[in-house]
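Here is a short tour of the model you are about to see. We will start with the chain as a whole and then turn to one helix.

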Amino acid sequence: MTTRDDLLPYKGSIIKEMYLHTADENYIAARWCYRNRLMTDFFWNSVHALEKYMKAVLLLNGQSVQCFSHGLVELYDEIDALAGPLLPDKLTKPTGYDGHWIELTPREFLEKLDQNGNAENRYLTYGYTQHPWYLPMTDRMVWTIRRLALPLDDDAVVSRDGRPKPSTRDVLARQPDYAFSQMEALEKTAAADGSEAQHALLNGNLAFAPPGYSHEPLYEGASGRNPVLLRRVLDPLRSAKEDNARHGYRMAEWVLANTRQSKPVRQEIEQTMRQALATHPGIASPVP
C-alpha cells in the first residue's frame, strides 16, 4: 500500500511556480530569440528551460535535485531511469517539417544543445554552431519532458465506482501523443489570441501548435560564432611570428588578470602561454 504524501499539493505549488512556470517563460523567450536570430540567447534559454523541466519532473516524483547543477545530460539520465519507456529512442523528423534533419537520440541532442547554451558559454567563450533542426528538436524535447512533470504513479483520474484507476504513467504510455494540461504559462500563452508571445510560441511549432494554426516561414539558415578568445588570444599565441605571439601573450595576461574564466579555459590559456614562451623566449619582456 502506497502512503500518500499529505504535503504533495503544497510542494507541487512550489515546484510549478519555481520550475515549471519559469521554464515555460524561458522556452517562449527562446523561440522569440530564434525568430529574431538572437542565437546566443536562443541556446541559453533553451538549456535553461529544459534544465528546469527536468528538475520539475524529478521533484514531482519524490527525488531531490540538490546535487545537480546545470548539466542537461546528467539530468536526462535521471529522467531516463525514472520514465525510460515514456521517452523516445530517436528524435525523428516531424511530419510537416521540410528542413534539413539529422536523426539523433535525445541524449545526443542534449549534448549538442548544452555545448552551445551552457552557463560557461554565456559570454561566447566557446562560440556556437546553429542548424535549422535545433528549433524543432528543442520543441520536441520540451514536449517530451514537460508531459512527465506530474506525479507519474498517482491516479490519473478520480474513480467513484471502485474500479482500478490508471496512473498518470499508464495514461501517458497508452497515449504517446497526449499530454495533460498544466494550466501554466505555456497553456495560457497558447490561448492568448493574437499576442506576440503566442506567435513566438506557436509559429512553426509542430509539437505544440494546434491543427490549423497559421504558420509563417521561420529562419532556416545555419550560423556560427567562433570564440573571440580563440581569435584574439590563442591563435596569436600559436603564431610562428614573434610579434603576433607577443601580442597574444599580452592579451592573455590581461584576460587572466581581469576576467573570470572557467578552470578549463584558464588552463588552456596558461598552457598555450607556456608553449608560446618556449618557442619565443622574448615575448614576456616589456615592449621596447
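Accessible areas come from the Shrake-Rupley method with a 1.4 Å probe, and for residues only the protein chains shown count as cover. On that basis, the chain has an accessible surface of about 16100 Å², and carbon and sulfur atoms hold 51% of it.

This is a predicted model, where local features need pLDDT of at least 70, side-chain atom pairs count only at pLDDT 80 or more, and totals for chains, interfaces and linings use all residues. Residues are numbered from 1 along each chain as its sequence is written, and side-chain values use heavy atoms, with hydrogens and water left out.

Some values for the whole chain:

| Property of the chain | Value |
|---|---|
| Box filled by the C-alpha atoms, along the principal axes | roughly 90 × 45 × 30 Å |
| Buried share of the 288 residues (buried: under 20% relative accessible area, 1.4 Å probe, protein chains only) | 44% |

Eleven helices and two strands make up the secondary structure, taken as DSSP runs (helices H or I, at least four residues; strands E, at least two) numbered from the N terminus. Along the sequence they follow the pattern α-α-α-α-β-α-α-α-α-β-α-α-α.

Now for helix α4. Its buried residues are Pro 106, Phe 109, Leu 110, Leu 113, Asp 114, Asn 116 and Gly 117. Seen down the axis of α4, these fall within an arc of 160 degrees (from the directions of the C-beta atoms), so they line one face of the helix. They pack against α2 (39–60), α3 (72–83), β1 (128–130) and α5 (134–146), with contact meaning heavy atoms within 4.5 Å.

Key:
Buried < 20%, exposed > 50% of the residue type's maximum accessible area, 1.4 Å probe, protein only.
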